[in-house]
Amino acid sequence: MKKKHLFIAIALIGAACVGLGACSADGGWSGGGDWNYNPQPDHYVTGNYDYNSIIENGFKNTADEASSYFSLDRNTATYSLIRRQLNDGHSIAPDSVRVEEMINYFDYDFTAPTDKAVAVSSYLAPCPWNDENYLMLAGIKTSEYKLETDVCNYVFLIDRSGSMSGDDRLGLAKKGICKLVDNLSDNSVVSLVTYASGVDTHLDGVECTASGKTTIKNKINGLTARGATNGGDGLERAYALAKEHFVTGGNNRVILISDGDFNVGMTSQNELKEFIQNKADGGVYLSVLGVGLGNTRDSILETLATCGNGNYAYLDNELEAEKVLVKELNGTLKTVAKDAKAGVTFSTDTVEKYRLIGYDTKILSADDFNDEKTDAGEIGSNLCVAALYEIKLKEFNMPAVEGADAKLADIEVRYKDVRSSKEVSDSVTSEAYLNASSTPNDDFKFISCVAEFGLILRKSEYKGNASLDGVLTRLEGMSEYINADPLKKEFVSLVGKASEKDYYAAK
């Protein structure tokens, strides 16, 4: 690695994390759900993993299909899963990389809403990995909604099976939940359910007074790991308690912490999908927090969150637990935009073709987008969500459009506003324009770096001339912006670690 890249990786290194990852004998993913052993010390792990298969969105010709529709959410699990494996020197399974989750891990200065739950703005810049194309960004921001104004009904559902043994699993779960409890208001009511071979209810509707919080934390800290994993029955019990203590107009939520290894009762992904879809209709939201590596079932945890009106984060260390459960408490536990979905219609006059980067498993049809009953994604309070397109423009004289603002696309976000007791369907729109004099801001430049990094980790067929050296060079030119955010500083260190591995070299 070049000296300047090594320097910035060391100078900007963030909090270290520990973890396990692996690859096949040739340094890559073996397929299916299992990792193969490799005698190289930085390329093996025991146990097995399961990720949903991803087929990347391809380029669409605007003349044939001018509109693109997809479900919006603000899941971030991919980023911390990648961080854990890279920090421990392991290679990344391509199907574990969901590029939109990497981009949406960070906070950005997108335009905030004023009179609605959501605002959307658009940005344009040249594509760093393909100099013939541009990147178009839709930046979405939700309104801030304080949890203290809510009466909250939370059910903590904690996996304490044998696979959850260890400081990075049940130990981390207990620390994270205790941090969360410390920050809950007196209006909150907490229940605690655990599952292993069987299911136990430890707390049933305890109020979060000072003495109540002590009771809750004592119960949590006393949990131990043993037995099989009856996650399906655990979910059934948790939703029953959430319904028993349901608060009309309040924040009703099940918070699941698990490695996702369900091996008793409902175990198949399809069974769990059908189960959680039925539960989602009852007005109870779901937050899924993954922990641990080895026997990790990212596919199941992602499915539960996606189909259960929920969000999905992965806790790889205590700092991440604090980020998700303390610093982003309102965003994690308070949904403001339900069934959120985006529709982008490109101008056939200016755009020849386009490709949505990420959201590969969240594509919707035009009928789904136009149907208010479509179950789409959920976005929490005061959060940023980005949607990034790579576009190829039709040939025309760029100087001629300077000051004229040639239109690129219409962007619409539809959602249900849940800030009142009655959900209200609403939408926001933005128009994207091409202007030869416009320059990308630092947020956009950073997002392009994260996207390029994700394409490299995925070994994407659309990565063009993407390279880790190119990413690091652009990051070096943004030092003031990056130094203002510890998480963005840490990102630089992760790119530096990946650049030291031949596995990610440009080919």
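Predicted model: local features only at pLDDT ≥ 70, side-chain atom pairs only at ≥ 80, totals over all residues.
Good morning. In strand β3, both faces are covered: S67, Y69 and S71 are buried on one side, and S68 and F70 are buried on the other.

Which strand pairs with β3? The partner is β13, residues 335-346, which runs antiparallel to β3 and is joined to it by five bridges. Within this pairing, Y69 stands opposite G343 of β13.

I turn now to charged side chains. Side chains of opposite charge can pair when their charged atoms come close. The structure holds 28 salt bridges, and I shall present a few of them.

One is formed by E328 and R74, whose closest N and O atoms are 3.2 Å apart. E328 lies in the loop between α9 and α10, whereas R74 lies in the loop between β3 and α2, so the pair ties together parts that are 254 residues apart in sequence. Are these two residues buried or exposed? Both E328 and R74 are buried.

Another salt bridge joins the side chains of K60 and E65, at 4.0 Å from N to O. Here K60 is partly exposed, with a relative accessible area of 35%, and E65 is also partly exposed, at 36%.

K407 and D410 form a further salt bridge, with the closest N and O atoms 2.8 Å apart. K407 has a relative accessibility of 30% and counts as partly exposed; D410, at 33%, is partly exposed as well.

Let me continue with the aromatic rings. The count of aromatic pairs comes to 17. Take Y79 and F106: the ring centres are 5.1 Å apart and the planes stand at 75 degrees, so this pair is edge-to-face. Y79 belongs to helix α2 and F106 to the loop between α3 and β4, so the contact ties together parts that are 27 residues apart in sequence. Both Y79 and F106 are buried.

Which residues make up the cluster linked by ring pairs? They are Y79, Y105, F106, F446, F453, Y481 and F491.

Y105 has a charged neighbour too: the charged end of K323 sits over the ring of Y105, 4.0 Å from its centre. Likewise, the charged end of K353 sits over the ring of F59, at 4.9 Å from the ring centre.

Thank you for your attention.

Conventions. Residues numbered from 1 in each chain as written. Heavy atoms only, no water. Buried < 20%, exposed > 50% of the residue type's maximum accessible area, 1.4 Å probe, protein only. Helix = DSSP H or I, 4+ residues; strand = E, 2+ residues; numbered from the N terminus. Pairing = 2+ DSSP bridges. Phe/Tyr/Trp six-rings, centres within 6.5 Å; stacked < 30°, edge-to-face > 60°. Lys NZ or Arg CZ within 6 Å of the ring centre and 35° of its normal.
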